Each structure stands twice: as C-alpha cells, then as structure tokens.
Amino acid sequence: MKILVVVDMQNDFVDGALGTEEAVGIVPAVAEKIRNFEGRVLYTRDTHESDYMDTQEGKKLPVPHCIRGTKGWEICPQIEALCSETPIDKPSFGSVGLGQVLKDYDSQEEKVESVTFVGLCTDICVISNVLVVKAFLPETELIVDASCCAGVTPQSHRQALEAMKVCQVSIVNE
C-alpha cells in the first residue's frame, strides 16, 4: 500500500497569518499530486485552541494561527475539495496519531510500501512528521516531494530537505 500524507495545507499557512508566496505557489502542484496519487491519501491539520498564546509554541511564535474552528484552521479550498478523509488534528509539529495510524495500517494484511509527504512547512511540520513516521515504520520507504512543499523561507526549506536526506528519506523533484 502506498500512502500520501498532505501536511497542514491550511489557510493560515497558505495565505493567512503565516502564509508565504512559496506556500501559495505549491497549492496547484499539491492538488495535482493528490488527484494523480495511486494509493491512500491522509491529511494532517495543525490544531490550536484559544489559549494558544499561553502555550510554549505561542510564547516562541506569538502569531495566533490554526485556532480550531477558524477560517485559518480550515484546509485551503483547492485541497479541501479533494479531501475524502477526515484530517488528523495535531496539537504540535509532529503527530504521534499519524504515526499510530500508519503503524496500524502496516500491521494489517497489506504492508505500507511507501509514505510520500507534501505540504507545509517543510522545515517545521513536514520534517517533524517524516521523522515521527520514521520512528513508527523504520523499514518503510519515506519520500518527500520537494516541489509540493514550502518552508518558512526558501533557505530553511532547502536545509530541511538536506536534513531529511541524512535521515535516509528520499527527496524527489528538487
């Protein structure tokens, strides 16, 4: 079984509170990747509560974003239109829930052959989820499609890709 994980393609990361030109630019490529992917597609959703500014992340990144129930928390419309699975809400950068879901899939009759990652932000949530999944499925091929990811900056995007290569993750479409 092949799995595509679409990480945090939410309004606040695309064109909202933490949006970037690069994030806006990958939306069509991510939509195309989802449409053409032969396998199961899962989605993650950064999810904060109204007390965000009181959290460790809120103190280090004092920009309220992805607050549950807000427009910024929602998956961006172009991707939402393709979403057939309920997103996995995650309160932090990496999702133990995602790792467990994939481990459960792999424990059933059909093994997880590969997990491909796309989404936002390469240098925070993409890399965090790749490494979480690596811990849950150390023998599964992990792939990041660089053309369907964007970082906080182009430089931090490139640095994250290089870090993942060192962790034996395949980077495609650089």
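Tutor: Before we look at this predicted model, one convention for helices: the expected span is 1.5 Å times one less than the number of residues.

Student: OK, so what span should helix α7 have, and how far apart are its end C-alpha atoms?

Tutor: Helix α7 covers residues 154-166, and its 13 residues at 1.5 Å a residue should span 18 Å, while the end C-alpha atoms lie 19 Å apart, which agrees with that expectation.

Student: Which residues of α7 are buried?

Tutor: Those are Ser156, His157, Ala160, Leu161 and Met164. Viewed down the axis of α7, the buried residues fall within an arc of 145°, so they line one face of the helix. An α-helix has 3.6 residues a turn, so residues three or four places apart point the same way.

Student: And what do those buried residues pack against?

Tutor: They pack against α6 (122-136), β5 (141-150) and β6 (170-172). Just after α7, glutamine 168 takes a positive phi of about 65°.

Student: Switching to the sheet, what is the strand order?

Tutor: The sheet is open and made of six strands in the order β3-β2-β1-β4-β5-β6, with parallel pairing. At its edges stand β3 (88-90) and β6, each having a single partner strand, so one side of each is left without a neighbour in the sheet. Direction ignored, neighbouring strands of this sheet are turned by 25° against each other on average.

Student: How many bridges join β4 to β5?

Tutor: Six bridges join strand β4, residues 114-120, to β5, and the two run parallel. As one example from this pair, serine 114 has glutamate 141 in β5 as its bridge partner.

Student: New topic: where is histidine 48, and is it buried or exposed?

Tutor: Histidine 48 is found in the loop between β2 and α3 (56-60). With the cut-off for buried set at under 20% relative accessible area, histidine 48 counts as buried because its value is 5%.

Student: What polar contacts does its side chain make?

Tutor: The side chain of histidine 48 makes a polar contact with the side chain of glutamate 57 at 3.4 Å, and another with the side chain of histidine 65 at 3.3 Å. Leaving aside neighbours within four places in sequence, histidine 48 is in contact with residues including Cys66, Ile67, Arg68 and Pro91.

Note on methods. Residues numbered from 1 in each chain as written. Predicted model: local features only at pLDDT ≥ 70, side-chain atom pairs only at ≥ 80, totals over all residues. Heavy atoms only, no water. Helix = DSSP H or I, 4+ residues; strand = E, 2+ residues; numbered from the N terminus. Buried < 20%, exposed > 50% of the residue type's maximum accessible area, 1.4 Å probe, protein only. Arc of directions from axis to C-beta. Contact = heavy atoms within 4.5 Å. Pairing = 2+ DSSP bridges. Axes fitted to C-alpha atoms, helices over the stretch in contact; angles between N-to-C directions. Polar contact = N/O pair within 3.5 Å; in protein donor to acceptor, adjacent residues only side chain to side chain.
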